[in-house]
Amino acid sequence: MPFSADAVRSAFPALDEGAAHFDAPGGSLVPAIVADAVRDALASAINQRGTFTIADCRTLEIVRQARLAMAELVGGDPRGVIFGRSMTQLTFDVSRALAKTWEPGDEIVVSRLDHDANIRPWLYAAESVGAHVRWIEFDSATSELTVADVEAQLTDRTRLVAVTAASNLVGTRPPVKQIAEKVHGLGALLYVDGVHYTAHAFVDIGEMGADFFACSPYKFCGPHCGALVASPVLLETLEPDKLLPSANSVPERFELGTPAFELMAGTTAAVDFLAGLSGSVESSRRERLRSSFAAMGEYEDGLRREIEAGLADHTKITVYSRARLRTPTLLFTVDGIESAEVSARLGELNINAPASNFYALEASRHLGLGDAGGVRVGLAPYSSARDVDRLLEGLGSII
Ligand SMILES: Cc1ncc(COP(=O)(O)O)c(C=O)c1O
């Protein structure tokens, strides 16, 4: 089945409101089947996981299906899929568990390009045990983060490197696979922020070399929750703080309290939705995901190039998304008009293109954009050529 933008758009009831959405990097719209799956889970009898009542069995099955779906989405093991409230919460939790294995003088490496959710938890965790923090810098002229930038911060005391697979601010996709080789060469662990990346690219955490891969279903047409995927063998080595009577098995011991079962059901539906965008119905869900992401990537990149061509017509616009490999997410500023003002004026035209540092605060400052950041336009499978026209016409009327 070929990718059809019209068919995709018809699956999203929120598009009936008429806005042109360039705000997907902040949270994508959800197709009706995802909303229905959340509703259906809540409207049916669910309870705690068990094997006696219908409600208990259903709950157990929802969890089983969600772990399977997430594992298939990223090429992981369902026994290593942890669900949580958000990527931020999961990263804080795992950073505390990992810190128990560190010693004073150990080194933790974070990147200037990352969202703060893959920086701050590591700084706190390092501080709690007297570990030293080193920073990977990126090139503010090209927005590239290279293997050499990472290598410059590695030593024989490195215990963990935290880096993004794609920047939510400028879209840069660092060479994670090559970074992983260097990190593993030292016996250190690699924690990859896949929140922005997973919305745009087929993920294979084994191929990528991520020891931990964190993402958020609400960025890829799912509900508001987070998921962390790691090898169950690695998770077995960690001892997160937990309640005494709660399960001590992996991955359950990382999920504090009762999980949001309805959001797990919604996550499964989101993965199924993505798998249904392209590819043969006869192939496995993982193979259909591969085919969908290839088709989606081509479609989104086509629209991205149209926007770039349009922005290039304006001498007053500076675009910061310049890395060779990047997602269809563009950050720009307009000479003489505050980014918040540009965004507000686009908003008046029913065009959603927010302005901020988008919590990639270090990156925004490094780019010389301070805490204000810039205007971000991000594409999603439901973006259309008409949306792009509206954006470019809207900008033309503002500048
Ligand atoms: C790249 C990136 N990392 C991390 C996060 C934080 O995700 P969550 O809201 O699930 O904590 C975001 C959210 O915007 C993001 O874009």
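T268 touches Q65, A66, A69 and R285, leaving aside residues up to four places away in sequence; a contact here means heavy atoms within 4.5 Å. T268 sits in helix α10, and it counts as buried because its relative accessibility is 11%. Buried means under 20% relative accessible area, exposed means over 50%, and partly exposed is in between (1.4 Å probe, protein chains only).

This is a predicted model, where local features need pLDDT of at least 70, side-chain atom pairs count only at pLDDT 80 or more, and totals for chains, interfaces and linings use all residues. Residues are numbered from 1 along each chain as its sequence is written, and side-chain values use heavy atoms, with hydrogens and water left out.

**Helix α10**
- Helices (H or I, at least four residues) and strands (E, at least two) are DSSP runs, numbered from the N terminus.
- Helix α10 covers residues 261–275, and its end C-alpha atoms are 21 Å apart, which agrees with the 21 Å that its 15 residues should span at 1.5 Å a residue.
- That expected span is 1.5 Å times one less than the number of residues.
- Of the 15 residues in α10, 12 are buried, including F261, M264, G266 and L274.
- The cover over those buried residues includes α1 (5–10), α2 (32–43), α3 (54–74), β2 (81–84) and α11 (285–312).

**Cysteines**
- The disulfide count is 0, going by cysteine sulfur atoms within 2.5 Å.
- C215 has its closest cysteine sulfur in C225, and at 9.0 Å that's too far for a bond.
- C215 is buried, at 0% relative accessibility, while C57 is partly exposed, at 32%.
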